[in-house]
Amino acid sequence: MKKLLLSLLAIILIFEEWLWDLLTAIGHSLIRWLNLESFEQWLSLTSPTMALVAFSIPLLIVTPINLVAFGLLAHGLILQGIGLEVLAKLLGTLLVARVFALTKPQLLTFAFLRVIYTTITGWLQWAHQKITETQSIVGLSDSSEAKARFAAWFD
């Protein structure tokens, strides 16, 4: 049972990492489409304090959406509440991922963020190790073969 739960945790972590990478790329495309490259350049060169302020803005944007989603759930509008919460999660992750990608060096000057980043990076390394171990158990030769099989499920 413990191995099953750890395997599920590893899969969730890998999925979250994949979602983070995907939403970072979407955010980059959106910035190009909106012609905000100069803003991104300014943000990537900003001070650590300003980077921290920028990093907290997505929370200020998404929190009201979360509150509305919980309100919908409380009033029995389950599908609408869940849909809005999923939208808030995706929007929040997109914004946080993009800001973090642009301001990572500045943000990691803060000890508490460096500890959080190191911890999450350690969890992701553990998850990748578990996935690699699972691949060898089920006979997949490498991660590209595993990705191909995974992608085939959705074709």
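Buried residues make up 25% of the 155 residues in the protein chain. Buried means under 20% relative accessible area, exposed means over 50%, and partly exposed lies in between (1.4 Å probe, protein chains only). This is a predicted model, where local features need pLDDT of at least 70 and side-chain atom pairs count only at pLDDT 80 or more, while totals for chains, interfaces and linings use all residues. Residues are numbered from 1 along each chain as its sequence is written, and side-chain values use heavy atoms, with hydrogens and water left out.

Start with the fold. The chain has six helices and zero strands. Its pattern along the sequence is α-α-α-α-α-α. Helices (H or I, at least four residues) and strands (E, at least two) are DSSP runs, numbered from the N terminus. Contacts come next: heavy atoms within 4.5 Å. Of the contacts with a separation of 6 or more, 69% join residues 24 or more positions apart.

Now look inside. The largest nonpolar core has 10 residues: Leu-43, Ala-51, Ala-54, Phe-55, Val-96, Val-99, Phe-100, Leu-102, Leu-107 and Leu-113. H4 gives the most, with five residues. Such a core is a set of buried Ala, Val, Leu, Ile, Met, Phe, Trp, Tyr and Cys residues joined through side-chain atoms within 4.5 Å. Leaving aside residues up to four places away in sequence, Leu-113 touches Leu-52, Leu-107 and Leu-108.

Aromatic rings come next. The whole structure holds four aromatic pairs. The rings of Phe-110 and Phe-112 have centres 6.2 Å apart and planes at 55 degrees, so this pair is tilted. Rings of Phe, Tyr and Trp (its six-membered ring) pair if their centres lie within 6.5 Å; planes under 30 degrees apart count as stacked, over 60 as edge-to-face and the rest as tilted. Phe-112 has a relative accessible area of 48%, so Phe-112 is partly exposed. Elsewhere, ring pairs link Phe-55, Phe-100 and Tyr-117 into a cluster. Phe-55 and Phe-100 also belong to the core.

The chain exposes about 10700 Å², and carbon and sulfur atoms supply 74% of it. These areas come from the Shrake-Rupley method with a 1.4 Å probe; for residues, only the protein chains shown count as cover. Leu-60 lies in helix H3. Its relative accessible area is 65%, so Leu-60 is exposed.
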